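User: I would like to learn how to read a fold from its coordinates. Can we go feature by feature?

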Amino acid sequence: MSQTPKSRVVSAVLTKDLRIEARSRVVTNQVLPFAGLIMIMFAFALDNDDVLQRVAGGLIWLATIFSLFVIVQRSFAIDTSDSALDSLRVAGIDLSAVFLGKAIALTLQLIALDVVLIAAAFLLYQVHVSAGGLVLLVTCVICATTGLGFVGTLYGGLTAGTTGRETLLPLLLLPVVAPVLIAATRATEAAFGSGGAATSEGWAWVGLLTIFAAVFGIGGSLAFGPLIDE
Amino acid sequence: MSQSTQKFSSTGTQASRVIGVLAIVVMAWVVISGLVFTPADVVQGESVRIMYVHVPSAWIAYLAFIVTAIASSFYIFAKRHSLGFDRVAGASAEVGVMFMAITLITGSLWGRLTWGEFWQWDPRLTTTTFLFVTYIGYLAVRRLDGSIEQRARRSGVIALLAVLEIPLVHFSVVFWRSLHQRATILDPNGDVKMDGLMLFTLFSGVVAFTLVFAWLVLHRQRTMLLSDLSNERGLDNAILARQNESVSN
């Protein structure tokens with residue numbers, strides 16, 4: 001029996017995850033309002049227009065990372081509740097393809113979330129962006145969400161189906177995503193020109209985000225199978 | 001008592017007893033020399049004595065995590081997945097977390113005396129803290145429900161991922177900012193700027209802490225073995241006990 005081509009598995013898993021989201025609308029009805037609320041609550045806590053403008057980049061990425069936990073946990077809760085992951089394993093499917101499919105689906109959801117969060121920052125925090133800054137911002141969002149998609153899927157797979165995963169996932173993920181938080185925040189601040197930062201300063205951080213995504217993309221593809229192969 | 005139970009009734013061996021005695025002797029020397037014989041520093045005064053605990057504990061913390069990563073890779077990549085490697089990895093991580101806590105506490109105290117602050121957002125300090133939290137996560141993964149093999153595989157992968165993660169955290173924080181005192185002993189130019197007795201006491205501290213580390217890991221991995229055996233045999237023993245009850249009735 002020939003094995004299903006990897007690209008077909010990636011596409012099937014990706015479509016499945018996006019279809020679940022399109023039908024359940026959890027990201028749009030629950031995660032987006034949650035992330036928007038975080039942005040509003042930060043405004044209450046900091047209560048200063050200048051400070052908000054200065055720290056807008058960091059707040060966008062903190063809200064993204066908090067939302068990441070919710071999306072990852074939900075995605076794997078669906079997969080483990082009906083033993084869907086077990087079925088995929090029994091079917092002899094390449095688990096690295098499952099990892100890539102889930103990671104891409106997660107990345108696309110995070111990109112959609114970030115578009116809304118950046119729009120909220122324009123409205124609520126009065127940030128501005130130049131044409132050059134916009135290119136930097138778009139590249140930063142793609143690279144950072146790709147890294148978060150890989151690492152979120154990897155650690156989501158690790159904690160899937162275990163008791164106490166709600167508290168364990170943030171404990172494991174937060175130290176790992178620290179480089180993404182630092183680099184994406186600095187790149188976004190450069191794009192917004194926060195605190196007089198030049199746009200050119202942001203590209204080195206985008207380089208770090210790319211390395212992060214590459215490392216966890218390769219590491220995740222290799223490790224995902226052994227992690228969920230019980 | 002059966003022979004196999006007798007074999008595991010103690011976690012000590014001749015070798016571990018020798019290591020234990022050596023650790024006590026060298027540690028006693030470090031305490032006496034560090035507190036009495038060595039002079040105070042010209043700039044830092046008496047506070048420099050914290051160095052005799054801080055530097056060796058930091059060294060052991062990093063050594064422990066290297067041992068964890070190597071033992072985990074042996075478990076994962078070796079053809080015969082020996083659980084002995086997993087237990088060494090787990091024991092080393094537990095001891096490493098303890099020494100990393102000592103490093104952070106003594107570092108904060110030293111920082112308060114020399115920098116005037118308990119905490120500074122300096123790359124080495126921040127990376128060490130992330131390492132500390134990462135390995136607390138690693139220990140939490142080891143306590144997840146599942147079989148011993150599942151525990152070994154999950155924690156092994158986490159240990160190897162931490163090897164990828166830590167350089168990324170470090171470089172991102174180095175880009176972010178820097179303040180920590182530059183390495184004094186491992187100076188890139190090879191110039192060691194320290195009083196002879198101070199240097200000897202510091203190296204004695206490193207030796208003493210390494211011996212303590214080895215002693216703790218040896219005993220801890222053996223208690224882990226006993227715990228694993230107890231879990232494995234628990235059900236068998238319970239069934240046997242019930243069978244014996246029914247026979248005697």
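User: In what order do the elements of chain A run from the N terminus on?

Analyst: Helices (H or I, at least four residues) and strands (E, at least two) are DSSP runs, numbered from the N terminus. Chain A reads α-α-α-α-α-α-α-α, with 8 helices and 0 strands. This is a predicted model: local features need pLDDT of at least 70, side-chain atom pairs count only at pLDDT 80 or more, and totals for chains, interfaces and linings use all residues. Residues are numbered from 1 along each chain as its sequence is written, while chains are lettered from A and ligands numbered from 1 in the order in which they are written.

User: What is the radius of gyration of chain A?

Analyst: Take it over C-alpha atoms; the globule rule is 2.2 Å times the number of residues to the power 0.38. Chain A has 18 Å, close to the 17 Å from the rule for 230 residues, so it is as compact as a globular protein of that length. Its C-alpha trace spans about 60 × 30 × 30 Å along the principal axes.

User: Where is the kink in helix 3 of chain A?

Analyst: The bend at a residue is the angle between axes fitted to the seven residues ending there and the seven starting there. In helix 3 of chain A, a kink of about 60° is centred on Val55(A). This helix covers residues 49–81 and reaches 45 Å from first C-alpha to last, close to the expected 48 Å. The expected span is 1.5 Å times one less than the number of residues. Just after the helix, Ser83(A) takes a positive phi of about 55°.

User: How many residues does the largest nonpolar core have?

Analyst: A nonpolar core is a set of buried Ala, Val, Leu, Ile, Met, Phe, Trp, Tyr and Cys residues joined through C-beta atoms within 7 Å. Buried means 20 or more other C-beta atoms within 10 Å of a residue's own, with C-beta atoms placed from the backbone. Here the largest core has 132 residues; Leu117(A), Ala187(A) and Phe213(B) are among those with the most contacts inside it. Helix 5 (residues 95–124) of chain A gives the most to this core, with 15 residues.

User: How many residues does each chain give to the contact between chains A and B?

Analyst: Two residues are in contact if their C-beta atoms, placed from the backbone, lie within 7 Å. Chain A gives 20 residues and chain B gives 18. Helix 7 of chain A gives the most to its side, with 9 residues.

Conventions. Buried ≥ 20, exposed ≤ 12 C-beta atoms within 10 Å, placed from the backbone.
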